[in-house]
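Colleague: I would like to learn how to read the strands, the helices and the packing in a model such as this one. Could we go through it together, slowly?

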Amino acid sequence: MTRRLISSDSPFEEEIGYSRAVVDGEWVFVSGTTGFDYGTMAIAEGVADQAEQCLRNIRAALAEAGASLSDVVRVTYVLPRAEEFRECWPVLRRYFGDVRPAATMISAGLSDPRMRIEIEVTARTGSGRSSGEPNRV
């Protein structure tokens, strides 16, 4: 199976030298994605609005890779201000509440002070949900 690169045409990809996503077999690795609307290069001020745009951008990259948000198995959230993470929870629940991927939240600086959240995901095509309820131990 060959490796395939996915681009969002964000100027960041060319300037920095990375791909929005990489497809390797059944795996899709989506780079850290911020709340910029890549068509207009505008970014909302609020962290929840930025989380929403991040997930729209991620959904588009996954679709181009032949996957969807339901295929996400791992998600990492990076926020400069950890205390703002709670504001994102309703948005994250809307997108991942039924998927329930493994998740980590990291508090760290981002490259542009307008960025309030960055989200990275790993998906496996065709994984979807295996059952209606999470496994309980």
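Colleague: How many bridges join β2 to β3?

Modeller: Helices (H or I, at least four residues) and strands (E, at least two) are DSSP runs, numbered from the N terminus, and two strands pair if DSSP finds at least two bridges between them. Here four bridges join β2 to β3, and these strands run antiparallel; Val 22, for instance, has Phe 29 in β3 as its bridge partner. The model is predicted, so that local features need pLDDT of at least 70 and side-chain atom pairs count only at pLDDT 80 or more, while totals for chains, interfaces and linings use all residues. Residues are numbered from 1 along each chain as its sequence is written, and side-chain values use heavy atoms, with hydrogens and water left out.

Colleague: What is the order of the strands in the open sheet?

Modeller: The six strands follow the order β1-β2-β3-β8-β6-β7, with mixed pairing. At the edges are β1 (3-6) and β7 (102-107), each of which pairs on one side only.

Colleague: Which strands does α2 touch as it packs on the sheet?

Modeller: Contact means heavy atoms within 4.5 Å, and axes are lines fitted to C-alpha atoms, for helices over the stretch in contact, with angles that run from 0 to 180 degrees between N-to-C directions. Helix α2 touches β1, β2, β3, β6 and β8, and its direction makes about 150 degrees with that of β3. Helix α3 also packs on the sheet, touching β6, β7 and β8, and its direction makes about 160 degrees with that of β6.

Colleague: How many residues does the largest nonpolar core have?

Modeller: In soluble globular proteins, nonpolar side chains tend to be buried together. A nonpolar core is a set of buried Ala, Val, Leu, Ile, Met, Phe, Trp, Tyr and Cys residues joined through side-chain atoms within 4.5 Å, where buried means under 20% relative accessible area (1.4 Å probe, protein chains only). The largest one has 30 residues, and those with the most contacts inside it include Val 28, Leu 62 and Phe 96. Helix α2 gives the most to this core, with seven residues.

Colleague: Is Asn 57 buried or exposed?

Modeller: Asn 57, which is found in helix α2 (residues 47-64), has a relative accessible area of 11% and is therefore buried. Leaving aside neighbours within four places in sequence, Asn 57 is in contact with Thr 33, Thr 34, Phe 36 and Tyr 38.

Definitions and conventions. Buried < 20%, exposed > 50% of the residue type's maximum accessible area, 1.4 Å probe, protein only.
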